[in-house]
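Visitor: I am new to this structure. Please take me through one part of it slowly, and start with the charged pairs.

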Amino acid sequence: MKNISHARITKVIVFLVAIVCLTGIAKALVDLEYNRVHLSDVNTDSYFESQSFAEEKYGLFHTLTELIGTYKSEEYILSGMALTKEDSRVIEDELYNEYYYSNEYDYDLKEADNKRIFKEEYADKIKRKKEERMRMQVREFYQLVDRLETYEGVIYYASDGEHVFSNSEMNKKEQFETYDAYMLFGDYQQKMYPDKVAESHYYDYFTPTVDQLNSQTDAIYVAFTDAFLQKKIQEWETDKAEAKRFLNESIAFLVGFIVSFIYLMIVIGRTSFKDKDIHFHVIDKLYNDLNVAIVVCLLSMWFVMIVEVFREIYLLLTVPIFIIVLLLILSLVKHIKNKTILSHTLIYQILKKVFLAIKHVFDSGSLAVKTVLLVIGYPIVVAATFFMFPITIGLAAWLALKKVKSFNRIKEGVEQIKNGDLQHRIEMDGKGEFSQLAENINRITEGLNKSVDSEIKSERLKTELITNVSHDIRTPLTSIITYVDLLKIENDPEKIVEYIDVLDQKSKRLKHLTDDLFEAAKASSGSMPVQLERIDIISLLTQGIGEMDEKIEASALDVKLAHPTEKVYVKADGKLLWRAIENLFSNIFKYALPASRVYIDVENVGTEILVTFKNISAYELNISVDELMERFTRGDESRSSQGSGLGLSIAESLIHIQHGKFLVQVDGDLFKAMIYLPKLLNE
């Protein structure tokens, strides 16, 4: 059965549930705002302690305070008494700015003189501006008076001792105290009933305005009729019930949204719980920073829409906006799970491409190009980060110090190498000119080490050559001298014949050694003439094996030749190639295990032909391949076998001068020689 938890239909259903819950939350909050319902009233026991009561009374007390504290009457305003020092200063500053930028301002005079001239020349303008301000205050005064008439069910009295604003005949505290609810401010006292008004958390909504009054002369008395209070309390109870309903709906929708969103976060991008890969769709190709920008713009647009524009049809636009926003947020969740939240941003991609472009130019360019880039780039970086200039210059100093340390490390390393420490390596971190320079110096050191090792090895080989040549030549030569001396004194014809046979063998042995030595010298020096031609390697091997049939039978070896069915041609010198192959056969006859098999394989390996000789050694091969390839090295360490030990070395040199390769491998007692020769196509 398909995994239901990660099925597409399940994801779609839960997504729609999340949209419904999110829309329900938005609707509840918008309804609260449109209906002017305060959630804080849900936990309030009394209307007099509520935020609604405080906000409603704030307007009344603010109006009364402005009337008796600032404007008082039309005559008071027109007399200029309502103009504060701040009002006069603002008027004069505005006109002085106008004067300052006019042709009338004299820059040769002191500021005090210019201000004195300004007050003289702009006296009429200042007066007219103040009169305009007073007329504006008169309009504001009557607007406040008209606003008082809108308050129904409220009895008020406000006076500064001279000017009175009231909607009843009552002017005594005692008269207002006869009502079920009242608020009295005056004579340094504040008295309220019921007491819950003063105990409310919202009491400070309207008291700061009252505190600005003159406690000696100013007084504000407010009382509320029973009918008014009953109406307000009933409205408040209704709004409180609405607030509870909206709150419960919001909590239910919020829980539903949280559960569905958590589920979507868990399953989004995967097909099962075992699925470790994140699967992306078309919407996920949108860069994450653009994604966030679109989400912010859509939510801002939605907020402006419900506040200012489409209050009546906001739900029709809310659903598509929330669908798009939630899809974009889930796309961000995918990138968070895939650890690409930063790398899949437009800013990151632009910076990365700029960085890679600069890095490519910096890495591939010459030192002059890098210097130009640094000279041009550093001022640009400083200008772009001027607000953090100390950090920028500190970073530049740190990088410069790091480069100086790298240079000093290379300098010290070169000094050690110059003094003879060829094993020293200059260790450098990272990449760059200095790292490349250090690596080149290390390679030069490695080359010097190899040259020294090669020279030491060459000297050792020369010494071994002299020793081995001396040993191998001295043995037959000593025998020849000995038997010549015996011939001089021997009269027995049979023994003379025997001595002559020994001399013949030893002289041939000596000639064979000198011929091999001469041939090895010519082959390794490259002075041997080479005539490359088209050679049928299979025919050459078949003919050679036939010519050696007697030796093969004598050694009891079973030679197995494997080759392609078609003819195979190589580019080689026939005589030299056969000489190399003959040396390998000679090596096999001397060192192969008697009555064992010898495998010769011819293979086509691309542009080359590979000829492989494999045999089992009669002696334990406890020496390395490199030692086997050295001159005068034999398969038996006792040097009891016949031969000069030059066979493999001569074969390698002969194959090399024919532009081929000669390799030897040892695996236990298995000896394998491989010849690679350039291939020619069949005609």
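Guide: This is a predicted model. Start with K191 and E177, which form a salt bridge with their closest N and O atoms 3.0 Å apart. The pair links distant parts of the chain, 14 residues apart. K191 sits in strand β4 (residues 189-193), and E177 sits in the loop between α7 (173-176) and β3 (181-186). K191 is partly exposed, at 38% relative accessible area. E177 is partly exposed too, at 28%.

Now go to helix α4. Look at one link in it. R89 bridges to E86, and their closest N and O atoms are 2.5 Å apart. Why can these two be set about one helical turn apart? They are three residues apart in helix α4, so about one turn separates them. The general rule is that an α-helix has 3.6 residues a turn, so residues three or four places apart point the same way. R89 has a relative accessible area of 41%, which makes it partly exposed. E86 is partly exposed as well, at 43%.

Stay with α4, but look across to α6. There the side chains of K125 and E98 meet in a salt bridge, at 3.4 Å from N to O. K125 belongs to helix α6 and E98 to helix α4, so this pair, 27 residues apart, links distant parts of the chain. K125 is partly exposed, with 31% relative accessible area. E98 is partly exposed at 42%. By the rule used here, the count comes to 14 salt bridges.

α4 (85-100) and α6 (123-148) are among what covers the buried residues of α5. Which residues are those? In α5 (residues 111-121), N114, I117 and F118 are buried. Seen down the helix axis, the buried residues fall within an arc of 105 degrees, so they line one face of α5. The face turned away from that buried side carries A112, K119 and E120, which are exposed.

Finish at helix α1 (residues 8-34), where L16 is found. L16 is partly exposed, at 46% relative accessibility. Together with I9, V12, I13 and V17, L16 forms a nonpolar patch on the surface. The patch has about 440 Å² of accessible area together.

Definitions and conventions. Residues numbered from 1 in each chain as written. Predicted model: local features only at pLDDT ≥ 70, side-chain atom pairs only at ≥ 80, totals over all residues. Heavy atoms only, no water. Buried < 20%, exposed > 50% of the residue type's maximum accessible area, 1.4 Å probe, protein only. Helix = DSSP H or I, 4+ residues; strand = E, 2+ residues; numbered from the N terminus. Arc of directions from axis to C-beta. Contact = heavy atoms within 4.5 Å. Patch = residues over 30% accessible without salt bridge, like charges linked within 9 Å, V, L, I, M, F, W, Y side chains within 5 Å. Areas by Shrake-Rupley, 256 points an atom, 1.4 Å probe, with all protein chains shown as cover. Salt bridge = Lys/Arg side-chain N within 4 Å of Asp/Glu carboxyl O.
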